[in-house]
Amino acid sequence: MPPAALIARSLLRSAARPGPAPRGLVSGPPQSPVGTGESAVGLLAMVVSFFAPTAWVLSHLNDYKKRE
């Protein structure tokens, strides 16, 4: 068997080997609880990221109509 085939075979074998999936999440209680301020900032960031583009489109709706 040529050396390139042996190398490819060994690489593919290690990639296809079943095993536990790497996890970045750990179950259980948090090491440091999230405070009220951090929750408020996170919620505000999500609301702004959702409503800011919507408000932009709605406020410029007449401009979009004029382009046609």
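UniProt positions are given here in the numbering used for this model, feature names are shortened, and annotations may be inferred rather than shown by experiment. The model is predicted, so local features need pLDDT of at least 70 and side-chain atom pairs count only at pLDDT 80 or more, while totals for chains, interfaces and linings use all residues. Residues are numbered from 1 along each chain as its sequence is written, and side-chain values use heavy atoms, with hydrogens and water left out.

**Exercise 1. Find which elements make up the protein chain, and which has the highest mean pLDDT.**

Start with the definition: helices (H or I, at least four residues) and strands (E, at least two) are DSSP runs, numbered from the N terminus. The chain has three helices and zero strands, giving the pattern α-α-α along the sequence.
Next, take pLDDT, the predictor's confidence in each residue, from 0 to 100. Its mean over the chain is 82, and 78% of the residues reach 70 or more. Among the elements, α2 has the highest mean (95), and helix α1 (residues 3–16) the lowest (70).

**Exercise 2. Work out what the chain looks like over the UniProt feature "transmembrane region".**

First, locate the feature: an unreviewed UniProt entry places it at residues 40–58. Then look at the model there: residues 40–58 are 100% helix and 0% strand, with the end C-alpha atoms 26 Å apart.

**Exercise 3. Decide whether Leu43, Phe50 and Phe51 are buried, partly exposed or exposed.**

The cut-offs come first: buried means under 20% relative accessible area, exposed over 50%, and partly exposed in between (1.4 Å probe, protein chains only). Leu43, found in helix α2 (residues 36–59), has 52% and is therefore exposed. Phe50 is exposed too, at 56%, whereas Phe51, at 48%, is partly exposed. Across the 68 residues of the chain, buried ones make up 0%.

**Exercise 4. Classify the aromatic pair in the structure.**

Rings of Phe, Tyr and Trp (its six-membered ring) pair if their centres lie within 6.5 Å; planes under 30 degrees apart count as stacked, over 60 as edge-to-face and the rest as tilted. The structure holds one such pair. The rings of Phe50 and Phe51 have centres 5.0 Å apart and planes at 80 degrees, so this pair is edge-to-face.
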